[in-house]
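Keep the sequence and the model open while reading.

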Amino acid sequence: MSEEFLPLVSRKYATFTIHECDSTDSVAWDAFANEHGASYCHRFLWKEVFERAYGLKTYYLAFSRDEVWIGILPIVVMPSFFGISRRAISLPYCNYGGLISKNNALDAVLKSMAIKSRVWK
């Protein structure tokens with residue numbers, strides 16, 4: 001079976017791994033966010049807010065190298081609305097969002113990995 005049709009739980013790309021986080025990862029997620037200067041908007045509790053309050057599908061992605069987290073990216077799938085097609089957004093309705101990484105030099109690589117994972121398609 002082709003990798004693009006496998007569910008995203010953990011996929012390897014070169015020396016990096018993308019992991020779709022669930023509630024068991026919430027402590028590690030918040031610790032990483034706090035350690036790297038993320039805003040309150042990046043806290044893991046927002047995942048439940050988007051899912052329960054708004055009924056939206058979320059994908060909270062952690063990027064790692066050698067089992068050490070190097071980045072996080074919260075993604076929320078927004079449904080089609082008034083002719084605008086379905087799309088993935090990092091933290092809609094929040095003041096801050098986007099990728100948080102250990103090294104800004106990795107940002108483009110990690111964003112590209114997230115797009116190639118096709119997790120929200």
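Helices (H or I, at least four residues) and strands (E, at least two) are DSSP runs, numbered from the N terminus. The chain has three helices and six strands. Along the sequence they follow the pattern β-β-α-α-β-β-β-β-α.

The model is predicted: local features need pLDDT of at least 70, side-chain atom pairs count only at pLDDT 80 or more, and totals for chains, interfaces and linings use all residues. Residues are numbered from 1 along each chain as its sequence is written, and side-chain values use heavy atoms, with hydrogens and water left out.

**Overall figures**

Buried means under 20% relative accessible area, exposed over 50%, and partly exposed in between (1.4 Å probe, protein chains only). Of the 121 residues of the chain, 42% are buried. The accessible surface (Shrake-Rupley method, 1.4 Å probe; for residues, only the protein chains shown count as cover) comes to about 7,300 Å². Carbon and sulfur atoms account for 54% of that surface. A contact means heavy atoms within 4.5 Å. Among contacts between residues at least 6 apart in sequence, 53% join residues at least 24 apart.

**Strand E4 and its partners**

Which strands does E4 pair with? Two strands pair if DSSP finds at least two bridges between them. The table lists the partners of E4.

| Partner strand | Residues | Sense | Bridges to E4 |
|---|---|---|---|
| E3 | 57-65 | antiparallel | nine |
| E5 | 87-89 | antiparallel | three |
| E6 | 100-101 | antiparallel | two |

E3 and E4 form a hairpin with two residues between them. Asp66 in that turn has a positive phi of about 55°. Ser64 stands opposite Trp69 of E4. Val76 stands opposite Ile89 in E5. Ile72 has Ile100 of E6 as its bridge partner.

**Two residues of E3**

Ser64 lies in strand E3. Its relative accessible area is 12%, so Ser64 is buried. Leaving aside neighbours within four places in sequence, Ser64 contacts Thr15, Phe16, Thr17, Trp69 and Ile70. Tyr59 also belongs to E3. Tyr59 is buried at 12% relative accessibility. Its C-alpha atom is separated by 9.7 Å from that of His19, 40 residues apart along the chain.

**Nonpolar cores**

In soluble globular proteins, nonpolar side chains tend to be buried together. A nonpolar core here is a set of buried Ala, Val, Leu, Ile, Met, Phe, Trp, Tyr and Cys residues joined through side-chain atoms within 4.5 Å. The largest core has 18 residues. Those with the most contacts inside this core are Cys21, Trp29, Phe50, Tyr60, Trp69, Ile72 and Leu91. Helix H1 (26-35), E3 and E4 are the elements that give two or more residues to this core. E4 supplies the largest share, four residues. A second, separate core of 14 residues includes Leu61, Ile70, Leu73 and Leu99.

Not counting residues up to four places away in sequence, Ile72 touches Trp29, Phe32, Ala33, Leu61, Ala62, Phe63, Gly98, Leu99 and Ile100.

**Helix H3**

Where do the buried residues of H3 lie around its axis? Helix H3 (residues 107-117) has Asp107, Leu110, Met113, Ala114 and Ser117 buried. Seen down the axis, these fall within an arc of 130°, so they line one face of the helix. The arc is that of the directions from the helix axis to the C-beta atoms. The face turned away from the buried side carries the exposed residues Ala108, Ile115 and Lys116.
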